[in-house]
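Biologist: Could you walk me through this structure, a piece at a time?

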Amino acid sequence: MEVSLQERFIAKLEEKYGKWDKIASRFGTTPFGDISKDLSIGASQFSKLISGTATEGMYQRSIENINRLIQRESIRKALDEALGENEQIQQQLQQAQVRVSKLQYSAMWGPLLSLLIGVTVAYFYFYNQSVKTTASTRSQHPLSAFFDQDFNANFNSPYLDLTDVQDFCPASAYEGIWSLSHSYKLPIPGSRMPGVYYLARSADVRMKASRYDTASAGQGHVLMAYEHLVNEIWVDIQKRPLSPQYFDKVSKTFTADFEALTFEENPNFKKVATIHSFFIDQFTLVKDSIIRKGEPYGRYASDVDEALAHEFELDIKYILEHVLGDMTTATCSAIENPFCDPNDLKEKESIMAFDCIYTIRSENLGIGGGYPYQKGYKLEKQMYADNLTCNCGE
């Protein structure tokens with residue numbers, strides 16, 4: 001028989017805190033009130049989870065939160081053990097040094113002691129590097145410290161309070177973490193030669209309901225999104241022109257060859273640099289559509305292949321400031337609102353995909369229009385998924 005979400009939730013609580021004492025309203029020695037605080041939920045919401053009346057989203061989110069608490073406790077335990085081992089090794093080293101000082105120094109003792117010290121230093125160096133790498137991976141988004149703090153941390157979350165989610169419906173349902181639903185590629189015009197391309201690899205987005213910018217659409221209908229976009233610059237080493245192989249100037253569409261093109265799998269293409277861009281987006285929710293407006297707030301390059309850039313006469317700084325900045329612009333059409341009922345939003349499933357046009361302000365290099373592409377956002381983690389009561393037409 002399949003285990004219910006309620007049973008999984010209770011099993012996770014017992015794994016973290018101890019056996020459920022129904023009479024004393026606690027798990028192990030921890031009362032319900034303290035557990036609610038650990039999970040950052042209210043007492044009434046915790047009661048729903050225990051009684052089996054909570055929504056699927058509430059159960060999934062709470063189970064994930066308990067898993068994080070268990071993982072954090074495991075990491076802390078491993079760190080404590082490592083520190084204890086370090087202290088023990090240091091004591092052993094001191095004792096060995098005392099013994100060595102009492103003995104006549106020989107050709108054997110020196111190398112052995114040096115080896116022991118070297119192994120100890122190397123162990124803790126790589127351990128610390130591993131911890132730093134893990135922390136860095138978790139904090140890739142520039143605003144992670146403001147959005148992604150631990151539940152028990154002393155910080156003021158930018159997301160809505162539980163008491164405000166109904167008042168800011170439907171925007172409250174969109175709050176959380178979104179990603180780029182699919183990568184897209186575009187030519188980079190304005191370079192010295194053809195065959196330079198832009199690949200949008202990924203996006204890490206934090207989306208929240210706007211409390212104040214609501215004059216035009218009304219409360220609960222405006223979202224602000226903070227987008228960290230990772231792009232790449234690739235070059236065609238054969239310097240082939242975009243048209244006619246990859247772009248049809250008559251229909252102003254990319255060809256099937258271009259759509260099927262995967263840079264990293266094609267030996268004719270080489271990566272020149274990684275570009276990190278930061279955007280602030282505004283999404284306006286109306287009855288039948290969603291409108292997106294995005295504005296760039298800076299970009300920088302990393303992992304630049306200087307030799308390749310020199311060979312193809314690519315000025316990365318010029319591309320950042322003028323080609324991707326001053327010379328080009330992108331406009332996206334409004335889309336039909338697929339989530340008129342905000343309760344239809346689902347983690348790992350819901351996507352907002354906008355059809356956009358990428359143009360050059362001066363002349364479009366003679367094509368008389370822009371380059372089409374689609375930019376989609378996928379919901380990864382929803383901050384609030386309980387029953388929202390606003391009507392679909394509001």
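**Rings and strands**

Modeller: Phe254 is buried, with a relative accessible area of 11%, and please keep in mind that this is a predicted model.

Biologist: Which ring does Phe254 stack with?

Modeller: Phe254 and Phe258 form a stacked aromatic pair, with 4.4 Å from centre to centre and 20 degrees between the planes. Phe258 is buried too, at a relative accessible area of 1%, and the charged end of Lys185 sits over the ring of Phe258, 5.1 Å from its centre.

Biologist: Which aromatic cluster are Phe254 and Phe258 in?

Modeller: They belong to one aromatic cluster whose members include Tyr197, Trp234, Tyr246 and Phe247. A search of the whole structure finds 26 aromatic pairs, and one of them is the stacked pair of Trp20 and Phe27, at 5.5 Å centre to centre with 15 degrees between the planes.

Biologist: Why does Trp20 count as partly exposed?

Modeller: Trp20 counts as partly exposed because its relative accessibility is 21%, and buried means under 20%. Phe27, with a relative accessible area of 0%, is buried.

Biologist: Switching to strands, how many residues of E6 are buried?

Modeller: Strand E6, which covers residues 196-209, has eleven of its 14 residues buried.

Biologist: And which strands does E6 pair with?

Modeller: E6 runs antiparallel to strand E4 (residues 176-180), joined by four bridges, and Ser179 has Asp204 in E6 as its bridge partner. Strand E5 (residues 184-187) also pairs with E6 in the antiparallel sense over four bridges, whereas 13 bridges join E6 to the antiparallel strand E7 (residues 222-236), where Ala225 is the bridge partner of Met207.

Technical notes: Residues numbered from 1 in each chain as written. Predicted model: local features only at pLDDT ≥ 70, side-chain atom pairs only at ≥ 80, totals over all residues. Heavy atoms only, no water. Buried < 20%, exposed > 50% of the residue type's maximum accessible area, 1.4 Å probe, protein only. Helix = DSSP H or I, 4+ residues; strand = E, 2+ residues; numbered from the N terminus. Pairing = 2+ DSSP bridges. Phe/Tyr/Trp six-rings, centres within 6.5 Å; stacked < 30°, edge-to-face > 60°. Lys NZ or Arg CZ within 6 Å of the ring centre and 35° of its normal.
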